[in-house]
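Subject: Structure handover

Hello,

Here is the structure I promised to pass on. Please open it alongside this note.

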Amino acid sequence: MSSIGAVVFDLGGTLEDVYYDEAIRQDAARGLHALLVQRGLEPGLAPPDLYGAVESGMAAYQRWREQTNVELPPARVWTEYVFPDHRFAAGLAAAAEELTFYYENTFYRRALRPEAPGALEALHRRGLRLAVVSNIISRELVPRNLASYGVAHYFNPILTSAELGIRKPDPRIFLEAARRMGLSPGACAYVGDTVSRDIAGARRAGYGRAIQIRSFLTGKADRETDTEIPDAVVRDLMEVVPLVTGAGVAETRGDTGRIGPGRAL
């Protein structure tokens with residue numbers, strides 16, 4: 001197995017803690033309504049009905065993109081899925097990135113994992129390249145959020161499904177990250193919170209390590225049919241450091257979710 005020269009991270013659920021519930025989304029829908037009105041895009045829906053339209057449209061889009069592993073441009077998401085019959089389609093298209101950034105940052109509550117800066121600095125000091133590969137509709141959210149957290153300088157490249165039009169677990173997005181770093185896939189490790197997207201995609205791309213850190217989103221994305229086994233499951237991003245530098249043993253979890261002795265990698 002190749003020695004690891006780079007660690008590639010997922011964003012939401014991995015570098016970030018992500019959470020949402022109906023109350024958060026109902027409140028976000030009120031803000032979205034105000035934003036649409038400010039942009040001259042009166043939706044003709046009260047905030048509760050707008051909430052229903054957004055939830056329904058995004059759910060339909062989610063089903064389609066998980067079947068195809070394709071990410072559409074933001075303008076198509078809003079005009080074809082969320083508001084397919086809206087009379088201001090041209091205005092929606094023009095405002096699509098702003099609306100998408102708002103959606104991704106308010107319909108989901110995001111915060112950098114507290115241990116992330118220390119883990120990133122430790123990996124950087126050991127000479128490892130760092131990158132991000134994220135499934136996201138917004139083209140701006142990942143670089144902007146990383147900058148707001150003060151950690152953007154660690155990552156090159158930053159690849160998103162919005163940029164490439166390809167979603168994890170399609171191996172091409174993982175392979176492109178390795179290519180841009182000038183490394184073989186086997187010299188890369190991937191850290192993500194889902195088996196269905198992160199572990200499966202890293203495996204298909206031939207990455208040397210596939211490490212899982214579970215999150216609120218894990219159970220919403222993964223199903224019993226997602227059977228890829230991570231090399232390790234960690235609770236804290238600092239545990240990644242010894243795993244990719246060849247000195248560590250992690251705890252792993254079986255299908256029961258119980259913690260058991262780990263294995264050296």
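Predicted model: local features only at pLDDT ≥ 70, side-chain atom pairs only at ≥ 80, totals over all residues.

The pocket. The largest pocket has a volume of about 690 Å³. Its lining is made up of 30 residues. Nearest the centre lie Gln-62, Arg-65, Tyr-108, Arg-197 and Leu-217. Four helices each give at least two lining residues: α2, α5, α10 (195–205) and α11 (218–221). Helix α2 supplies the largest share, with eight residues. By type, the lining of this pocket holds 14 charged, eleven nonpolar and five polar residues.

The helix. Look next at α3, which spans residues 74–82. Which of its residues are buried? They are Pro-74, Val-77, Trp-78 and Val-82. These four lie on the same side of α3, because they cover an arc of only 90° around the axis. Their cover includes α1 (22–38), α2 (47–68), α4 (89–94) and α5 (96–106).

The single residue. Ser-161 sits in helix α8, residues 161–164. Is Ser-161 buried or exposed? Ser-161 counts as buried because its relative accessibility is 0%, and buried means under 20%. What does Ser-161 touch, leaving aside neighbours within four places in sequence? Its contacts are Glu-71, Ser-134, Asn-135, Ile-136, Ile-166, Arg-167 and Ile-173.

Best wishes

Definitions and conventions. Residues numbered from 1 in each chain as written. Heavy atoms only, no water. Buried < 20%, exposed > 50% of the residue type's maximum accessible area, 1.4 Å probe, protein only. Contact = heavy atoms within 4.5 Å. Arc of directions from axis to C-beta. 1 Å grid on protein atoms, 1.4 Å probe; cavity = no way out; pocket = protein on both sides within 12 Å on 5 of 7 lines; lining within 4 Å. Points joined across faces, edges and corners; volume = space filled by probe spheres on them. Nonpolar A, V, L, I, M, F, W, Y, C, P; charged D, E, K, R; others polar.
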